[in-house]
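Hi everyone, thanks for making time today. I'd like to walk you through one structure, starting with its nonpolar cores and then turning to a pair of helices. Here it is on the screen.

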Amino acid sequence: MSEVLLRLEELLFLSDPEVAVMSAEDDGEAIWIGIARKPAGAECPGCGRWSNRLHGSYLRFPADLPSAGRRVVLRLQVRRFICADTSCGRPTFAEQIPGLTRRHAQRTDRLRSALAEVGLALAGRAGARLADVFGISVSRSTVLRLVDAMPDPQPSAPRVVGIDEYAMRKGRIYGTVLVNVETGRPVDLLPDREAATVAAWLAEYPEVEVVCRDRAPFFAEGASTGAPTAVQVADRFHLWRNLGEAAERCVSHHRTCLRAPFTVPSSESVTASPAPKLARPRGRLDTASPIELARSTPSCTKCSAKDAAGEQSPVSSG
């Protein structure tokens, strides 16, 4: 029997050599494993002093990761010690197993981590259903609570940051969202869209080399103040939209002065006199892109007269 208990120590508590397995039994519904800490004392969480003055003991039953679809419950013998420092605000304290238990917790740390990962992937209801398949009885509220208790991940400093506004209340309250353009993940949310707020945020991240923004003046001012050495570029959405609008203006302006499509002359006109060579635009008029139409179409007399008079046409401004 002792060999079996030692084998359980190696399998279940390999990361913590201070845990000793005292017993193991199966009641048909769950596997109960009795454990205790090997050291004779513990460190006070208040002052950090070591104490071996025993005050009392009690049992805890934290749930652990299931085994073969069966629930595993630890029967933990917890000792309470008297703090050796009389000035400490905690006269007595209960021992904890680092990486396994914490105060007032009903589950071990490794079970909490597993449920939190399930909650991140599937959220509350679906996560609770999947956990039940694995032999973990938990409610959707508990799964969401474990996800909410996880520490916020620390994002890496972005090199290319995108700045745009978002509406907390449309037409009333707006904030600023900052996104790492290279990874496509949000970096931070600012409570407003003022230039000073954007500049203060960029000043904390000198690693920013490129600022991708729209034409909002407060974003331009904030980027120039907070990151004067960074390159400011327009975002892809506004580039495509501006290009499309410019192409549409070019096509609508020259639609009335486009030359007629090239037609093949008849045999009689060919024998009578050779047809003059006409400059045919590149590509068909019905399939060519607006930019190709604008480039391949010669200017008409009306546009030439406007250019000569000093009025710039939309084609040259686009």
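Let's begin with the largest nonpolar core, which has 15 residues. Within that core, the residues with the most contacts are V161, I163, L178, V198, W201, L202 and V211. Please keep in mind that this is a predicted model.

Where do the core residues come from? The largest share comes from α4, which gives three residues.

Now let's zoom in on W201. What does W201 touch, once we leave aside its neighbours within four places in sequence? The partners are P158, V161, L178, V187, D188 and L190. There is also a second, separate core, this one of twelve residues, with V21, V72, L74 and I97 among them.

On to the helix pair. Helix α2, residues 109-133, packs with helix α3, residues 140-148, at an angle of about 130°, and their axes are 8 Å apart. The two helices, α2 and α3, are therefore oblique to each other. As for handedness, the crossing of α2 past α3 is left-handed.

Who makes that contact? From α2 we have R112, L115, A116, G119, L120, A123, G124, R125 and A128, and α3 answers with R140, V143, L144, L146 and V147. Sorted by class, the contact between α2 and α3 comprises nine nonpolar, two polar and three charged residues.

That's my tour, and I'm happy to take questions!

Note on methods. Residues are numbered from 1 along each chain as its sequence is written. This is a predicted model: local features need pLDDT of at least 70, side-chain atom pairs count only at pLDDT 80 or more; totals for chains, interfaces and linings use all residues. Side-chain values use heavy atoms; hydrogens and water are left out. Axes are lines fitted to C-alpha atoms, for helices over the stretch in contact, and angles run from 0 to 180 degrees between N-to-C directions. Helices (H or I, at least four residues) and strands (E, at least two) are DSSP runs, numbered from the N terminus. Angles under 35 degrees count as roughly parallel, over 145 as roughly antiparallel, 65 to 115 as roughly perpendicular and the rest as oblique. A crossing is left-handed if the near helix is turned anticlockwise from the far one by less than a right angle, and right-handed if clockwise. Contact means heavy atoms within 4.5 Å. Ala, Val, Leu, Ile, Met, Phe, Trp, Tyr, Cys and Pro count as nonpolar, Asp, Glu, Lys and Arg as charged, and the others, Gly among them, as polar. A nonpolar core is a set of buried Ala, Val, Leu, Ile, Met, Phe, Trp, Tyr and Cys residues joined through side-chain atoms within 4.5 Å. Buried means under 20% relative accessible area, exposed over 50%, partly exposed in between (1.4 Å probe, protein chains only).
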